[in-house]
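Student: I have a structure open and want to learn how to read its packing. Where do I start?

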Amino acid sequence: MKNQIDSFFSRKENKDFDKYQRKVIVNDSKYLLVVAGAGSGKTKTIVGKVRYLIDVMGYQESDILVLSFTNETVNNLKNKISNNVDILTFHKLSLNIIKNNLKYFGISSDNLLKYIVDEFFLSYLFIPYQKLLLEYFSVTNIDEIINNGKLDILKYHIISFIKKIKSNNYSLKYIKSVVKKIYDDYDKIFLIISLKIYNIYEEELRSINKIDFDDMIIYAKNMVKKHNIRKKYQYIIIDEYQDISKIRFDLIKEIINKTNGRIMCVGDDYQSIYGFSGSNLSLFIDFKKYFKESYRIDLKNTYRNSYQLIKIAKKFILKNPYQLRKQIYAKFLLKYPVVLVYYSDLKKTYNDLLNYLYLEDKKDIMVLSRYNKDLNIINKSDNIKYLTIHKAKGLEAENVILLNMSDSYLGFPSKIKEFSCSMMFNTFYEETPYAEERRLFYVALTRCKEKIYILVPRKNPSIFIKEIKKYCVELIIDE
């Protein structure tokens, strides 16, 4: 076996794996957790693992399943993995499992839930709840809620809440039992309205004989449990595992139970930013609890960020106590990777900064924001990528500009109050304020190969800015 491994890593395409990546590639644990920090070569390691399983371990291509969460990440893996293995989203895997039963029902898009939420607040159904909403938002006139955008924010959180119910596969009986234990008026009002909409949504799905994407995963898991699985996957690799939800986990666990296969889960708890749509960080953090014979390997080298930036970002993220402690080594030094740019006039300061960066020939630029609205304020250039931070995860640029670090309702961190009852979601409860917002800021920080320029309003800077200034002496440009 040693000769085979040596021969594998002596080949041209396999020579430049670092020692941590090699350790992952050759590890034969039944349950393997790979903690892969930002810029650590996660995708490259997955590609190497697939190649090793086939070339050295003797797996057939049909034995291997690679899973990720979006069509974009799946296509990225398909472009890099030359072997003919199944590379799927969880939805596509579920569809493959249940497709013989599709004659009994159809698949509904996520747009249906949004449509029902919008219709609820436009229809007569909304009238009995107006008094509750006035109390919820502490206003006296319903127009105040509609005109200042607060209703849109409430709709967003209702959709998020319903997705969390579905992604945890909670029964209506369980939800009602929890409601009886809630005494916080704010949470109670939210629940009364949300559960009314949830019931309307479920009734609509039944009436049109359709299931939604979460139902599809649950249905697939039940089919595997009752009837086995057509493809006997012997090795499953899950990319971006920090975004796993309970129903996705249950599906994979059921497949492994049936096939007695092995699993490798790759991700970074520091970059878990999809709690609003049902991801469950405890499935990553407490991996050993769910897979008792598991083994953990960390990819410790970052090939993207400087030593100084990693030092700042790590201090920042570990203010969240519920994160794994890990060592990250950077390959180069850069004196001032984080630049705070204070402004009174956002457009003027942004344009001045762009001119400075172009003058310095730093043309690989990504502009990030917490919300799309912030990207619409500035004048856009064809050569620059403009993205929300959520959409930028996995991407990188030489230089990053981060907008709107204000201490406001729709600033960063967002101060939108979410439904906070931890009893409803029987996983874990992060006591630290803005825990997921903190991870989102970490993602923004770690997109840059060189520097991140953070635009900060003079009058009301974000609490994150006040904090990050303490970690090291930063170069601050003031207009």
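Tutor: Start with contact: it means heavy atoms within 4.5 Å. Keep in mind that this model is predicted.

Student: Which residues of α9 meet α11?

Tutor: From α9, they are L154, H157, I158, F161, I162, I165 and K166. Their partners in α11 include F190, L191, I193 and Y201. Sorted by type, the residues of this contact are 13 nonpolar, 2 polar and 2 charged.

Student: How do I describe two packed helices?

Tutor: Give the angle between their axes and the distance between the axes. Here, α9 (residues 150-167) and α11 (residues 185-207) pack at about 65°. Their axes lie 10 Å apart. The crossing is right-handed.

Student: Now the sheet. How do strands pair, and what is the strand order here?

Tutor: Strands of a sheet pair through backbone hydrogen bonds, either parallel or antiparallel. This open sheet has 6 strands with parallel pairing, in the order β3-β2-β6-β7-β1-β8.

Student: How many bridges join β6 to β7?

Tutor: There are 4, and the two strands run parallel. I236 stands opposite I263 in β7.

Student: Which strands does helix α2 touch?

Tutor: Helix α2 (residues 19-26) packs on the sheet and touches β1, β7 and β8. Its direction makes about 155° with that of β8. Helix α4 (residues 71-80) also packs on the sheet, touching β2 and β3.

How values were computed:
Residues are numbered from 1 along each chain as its sequence is written. This is a predicted model: local features need pLDDT of at least 70, side-chain atom pairs count only at pLDDT 80 or more; totals for chains, interfaces and linings use all residues. Side-chain values use heavy atoms; hydrogens and water are left out. Axes are lines fitted to C-alpha atoms, for helices over the stretch in contact, and angles run from 0 to 180 degrees between N-to-C directions. A crossing is left-handed if the near helix is turned anticlockwise from the far one by less than a right angle, and right-handed if clockwise. Ala, Val, Leu, Ile, Met, Phe, Trp, Tyr, Cys and Pro count as nonpolar, Asp, Glu, Lys and Arg as charged, and the others, Gly among them, as polar. Two strands pair if DSSP finds at least two bridges between them.
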